[in-house]
Amino acid sequence: MSVDFCGIELAHPVINGSGTFDAIAAHRAFGDELFERFPFAAFVSKTVTLEPRQGNPPPRLWEVPGGLINSIGLPNKGLSGYLEHDLPFLANLPVPLIVNVMGFSRDEVAELVAAFAERPEVSALELNVSCPNVETGLVMGADPGETARLVDRVRALTDKPLIVKLTPNATDVPAVARAAEQAGADAVSLINTLKGMALDPRTGGPWLGGVTGGVSGAAVRAIALAQVHAVAQAVEIPTIGMGGVQAGRDGLDLMRAGAALVGIGTESFRDPAAGERIASELGELLANSAV
Amino acid sequence: MTRTRAPFGRRPAPVTAREEHGAYVVIRCHDRFGPSPQPGQFYMLAAAERWGGGDGERPFLPRAFSVLRVAVGELQFLIEDVGPGSRRLSELGPGDDLALVGPLGNGFAPPRDDRVPILVGGGVGIAPLAIWQDELRAGGTESPGLLGFRDERHAKGAALLTHASVATDDGSVGHHGLVTELLADELDGRADDVEVYACGPPLMLEAVRAICTDWSVPAQLALESGMACGFGACFGCVVPTVDGYVRLCVDGPVLDAHKLQSALVAGAGH
């Protein structure tokens, strides 16, 4: 069942979505059994920004039918904190490490990409483009031109595979994917969360500290399937499909729609070992069917 | 104190008994493969059947519950029906399975400097104090419980602890007023000799924190915050502390009161 992804050998096609699994915290909770049964074929770390971030004020979560809305705000230790505290631990994971980065300008992203380009512990980089460019006010991944200029700016800085994590909150997601491909991206991943909101039933005001958040879970599975299908038809580079995957069956659907790899996110919240189960179910399904 | 670590992944735990205590339900389950938890640790609970699974209904996420009590191979949880998750859990009985992950988080630490523990609980938050009282007794320490409830129906939960003094909002049982008034009486003249352990609704915990800060009494508070995963993945359960935001699931749920400027956790008790 092993797969080649942009030259990286993976034991199976199931990985995690960025920001949905903290291997360091999970090791505190579960100990070394986490390494013995590591649920993903590659580990995608939470978004790293140049400067440390505390994240959004709580409350940060709201359960919806078949899923949840989160407004976490990308808390992280910043580049130097990540290099000093997190990378040494993550380098010892039994699977390849993919680092997700985000900047508020092309120069910031370039600085992050250049810093990780020279780290042998890092197998690939994923660009989180669901963020406004402070210079233009445009969400980088919502606009094909912005996305192309970003990928163009950082492409030459690294030989490592560059994955662009597409936002579903865009008018024409396949056009953004094509722009990323033409500018030199090696793969695209989708979907990120869909913008959503919940009101505090007691006050009628926004429930989430960040006012709006991102919807994930089974509730978004059909949307993910449609977007993965559209993007996979629009580009030649590999697509990592994710969104509401709870079983091998859901992963098979995404692969039939054109995904090369399948990402697990919210389901890991329900069961930390969900990736292991889904990879096993998917393996059986793939063995018994032609994708 | 090193935490007891959880087996990796969710596991089924057959429900062996369901007991009603007024407004509360105690669910006992058989946990063959799990370690014995530390008092104050918690589990993420879901019903094995009819819980999300893509059918588009709530509940979808597991719910965090402190362990109430343990016996050999058995875990007990205290449930109050306050929403779709706790309602589904409170309906479970023999023949049903829980799906659980745990034990998780940091539990209570022993009292500092041989101080005498005082346990302060409110509502369903009395749960971790029962297992803590059991463990303290096993170590030769009797610890009184000061328990606050809404009314007589909820106050039946007091039977889950021994040596409990009860306060009720409506005066139907015990002291007519707040459990923190009982605490203030208890602390009078003994502030140098006691340590407070508390779990309950945000307003109660904040009152406990304020009293203990005023009296310079060390206090360990078991907090609650909306939680999706319980093992540090979602970053949803953060609470503000003097050190910035911390994830209650991996850095709590028990926090030292002096780490908090307020125990009024946004979104808790909802």
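This is a predicted model: local features need pLDDT of at least 70, side-chain atom pairs count only at pLDDT 80 or more; totals for chains, interfaces and linings use all residues.
Taken along the principal axes, the C-alpha atoms of chain A fill a box of roughly 50 × 50 × 40 Å. Of the 291 residues in chain A, 57% are buried. Contacts that reach across the sequence are well represented: when residues at least 6 apart in chain A are considered, 71% of their contacts join residues at least 24 apart.

Chain B can be described in the same terms. Here the count comes to 6 helices and 15 strands. With a radius of gyration of 18 Å, close to the 18 Å given by the globule rule for 270 residues, chain B is likewise as compact as a globular protein of that length. The C-alpha atoms of chain B occupy a box of roughly 55 × 40 × 35 Å along the principal axes. Buried residues account for 56% of the 270 residues of chain B. Among the contacts in chain B with a separation of 6 or more, 65% are between residues 24 or more positions apart.

The two chains touch each other. Chain A brings 37 residues to the contact and chain B brings 33 residues. On the chain B side, three strands each supply at least two residues: β6 (97–104), β13 (238–241) and β14 (244–247). Sorted by class, that side of chain B has 19 nonpolar, 10 polar and 4 charged residues.

Leu68(A) counts as buried because 27 C-beta neighbours lie inside 10 Å, where 20 or more are needed. Leaving aside residues up to four places away in sequence, Leu68(A) touches Leu61(A), Trp62(A), Glu63(A), Ser216(A), Gly217(A) and Thr266(A) within chain A, together with Phe60(B), Leu61(B) and Ala228(B) from chain B.

In one pair, helix α5 (residues 144–155) and helix α6 (residues 173–182) of chain A pack at an angle of about 25 degrees, with their axes 8 Å apart. Because angles under 35 degrees count as roughly parallel, α5(A) is roughly parallel to α6(A). Their crossing is right-handed. Pro144(A), Thr147(A), Ala148(A) and Val151(A) make the contact from α5(A), and Ala175(A), Val176(A), Ala179(A), Ala180(A) and Gln182(A) make it from α6(A). The contact of α5(A) with α6(A) comprises 7 nonpolar, 2 polar and no charged residues.

In the other pair, helix α8 (residues 248–256) and helix α10 (residues 274–287) of chain A have axes 8 Å apart and pack at an angle of about 55 degrees. That angle makes α8(A) oblique to α10(A), and the crossing is right-handed. The residues in contact are Gly248(A), Arg249(A), Gly251(A) and Leu252(A) of α8(A) and Ile278(A), Glu281(A), Leu282(A), Glu284(A), Leu285(A) and Leu286(A) of α10(A). By class, the contact of α8(A) with α10(A) has 5 nonpolar, 2 polar and 3 charged residues.

In chain B, the peptide bond from Gly102(B) to Pro103(B) is cis, with omega near 5 degrees. Pro103(B) sits in strand β6 of chain B, one of the strands that supply residues to the side touching chain A. Another cis peptide bond joins Gly252(B) and Pro253(B), with omega about 5 degrees, and Pro253(B) lies in the loop between α6 (248–251) and β15 (254–256) of chain B.

Cys6(A) has phi near 50 degrees and is placed in the loop between β1 (3–5) and β2 (8–10) of chain A. With 17 C-beta neighbours inside 10 Å, Cys6(A) counts as partly exposed. Ser216(B), with phi near 55 degrees, belongs to the loop between α5 (202–215) and β12 (219–222) of chain B. Ser216(B) has 9 C-beta neighbours inside 10 Å and therefore counts as exposed.

Terms used. Residues are numbered from 1 along each chain as its sequence is written. Chains are lettered from A and ligands numbered from 1 in the order in which they are written. Two residues are in contact if their C-beta atoms, placed from the backbone, lie within 7 Å. Helices (H or I, at least four residues) and strands (E, at least two) are DSSP runs, numbered from the N terminus. Ala, Val, Leu, Ile, Met, Phe, Trp, Tyr, Cys and Pro count as nonpolar, Asp, Glu, Lys and Arg as charged, and the others, Gly among them, as polar. A residue is buried if 20 or more other C-beta atoms lie within 10 Å of its own, exposed if 12 or fewer, and partly exposed in between; C-beta atoms are placed from the backbone. The radius of gyration is taken over C-alpha atoms; the globule rule is 2.2 Å times the number of residues to the power 0.38. Axes are lines fitted to C-alpha atoms, for helices over the stretch in contact, and angles run from 0 to 180 degrees between N-to-C directions. Angles under 35 degrees count as roughly parallel, over 145 as roughly antiparallel, 65 to 115 as roughly perpendicular and the rest as oblique. A crossing is left-handed if the near helix is turned anticlockwise from the far one by less than a right angle, and right-handed if clockwise.
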